Amino acid sequence: MTTNNPTPDTSAALEEIRAMYEGQKIRSIKLGLGQKAAVLIVDFQHIYTRGRAATGLDAVNATAQLLDRTRQHDIPTIYTVVSYQPERHDEVLWLEKLPGLKDNTAGQQEVEVEELVAPFDQDAVIEKEAASAFYGTGLSEMLTSQGIDTLLVCGTSTSGCVRATVVDGMAHGFRMIVVKECVCDRSALLHELSLFDMGTKYGDVITQSELMADLEAVWAAS
């Protein structure tokens, strides 16, 4: 389980980096919402919520609260799960670094989406073999075809698949908004550093209350 409150030592180090970045014209500006948003839930599947590699349910519960509001306003929801066919176990290079991913075999419970944020019939569930939700999945084309230019990112882990997805999403030209309470990591330190890195270079990292204020403003104007 991770915390959103950096330790004093980490905070001091991040402030040093922030000052250095500002001197190099690397700015942590807020890009904000675009024209159409979707919620992207990265790998909230059983192995990472309740199984061997679980990162806890706090972020899952926060995501469930977010979905209660976004679904009321017909904001699309897209899910990813890490999943492999058995014959791929010896073919995917990533599995040599992370052999535990072989537990994510298609059809097994480990791959199933956590029931607290279970997909609705209309929601897309994308199977992926890499960290990024964009790699080899057709996600970019799916979003573009629906006019979606903003992703509200939830999921696990902050330093792994969430970060990889945010970096790739920015590279594909999407506004990537990471909801702090809705992401988690095995390591509190890596969680903090990854939030800082993403918020500085690749997207917005904001609290759930900040996001809801932004969305409420859009809904009130529509």
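The structure is a predicted model: local features need pLDDT of at least 70, side-chain atom pairs count only at pLDDT 80 or more, and totals for chains, interfaces and linings use all residues. Residues are numbered from 1 along each chain as its sequence is written, and side-chain values use heavy atoms, with hydrogens and water left out. Helices (H or I, at least four residues) and strands (E, at least two) are DSSP runs, numbered from the N terminus.

**Strands and crossovers**

- Strand E5 spans residues 175-184, and seven of its ten residues are buried, so the rest of the structure largely encloses it. Buried means under 20% relative accessible area, exposed over 50%, and partly exposed in between (1.4 Å probe, protein chains only).
- Strand E4 (residues 150-156) pairs with E5 in the parallel sense over six bridges. Two strands pair if DSSP finds at least two bridges between them.
- Leucine 152 has isoleucine 177 in E5 as its bridge partner.
- From E4 the chain crosses through H6 to E5, a right-handed β-α-β crossover. Right-handed means that, with the strands pointing away from the viewer, the path from the first strand over the helix to the second runs clockwise.
- E5 also pairs with strand E6 (residues 204-206), in the parallel sense over three bridges.
- Isoleucine 177 has aspartate 204 in E6 as its bridge partner.
- From E5 the chain crosses through H7 to E6, and this β-α-β crossover is right-handed.

**Helix H6 against helix H7**

- The axes of H6 (residues 158-171) and H7 (residues 188-201) come within 10 Å and cross at roughly 10°. Axes are lines fitted to C-alpha atoms, for helices over the stretch in contact, with angles from 0 to 180 degrees between N-to-C directions.
- H6 is therefore roughly parallel to H7. Angles under 35 degrees count as roughly parallel, over 145 as roughly antiparallel, 65 to 115 as roughly perpendicular and the rest as oblique.
- On the H6 side, Thr158, Ser159, Val162, Arg163 and Val166 meet residues of H7 including Leu190, Leu195 and Met198. Contact means heavy atoms within 4.5 Å.

**Backbone features**

- Threonine 156 and serine 157 are joined by a cis peptide bond, with omega about -5°. Serine 157 sits in the loop between E4 and H6.
- Aspartate 43 is not a glycine, yet has a positive phi of about 60°. Its loop runs between strand E1 (37-42) and helix H2 (46-49). Aspartate 43 counts as buried at 1% relative accessibility.
- Aspartate 74 has a positive phi near 60°. Aspartate 74 lies in the loop between helix H3 (58-72) and strand E2 (77-82), and counts as exposed at 67% relative accessibility.
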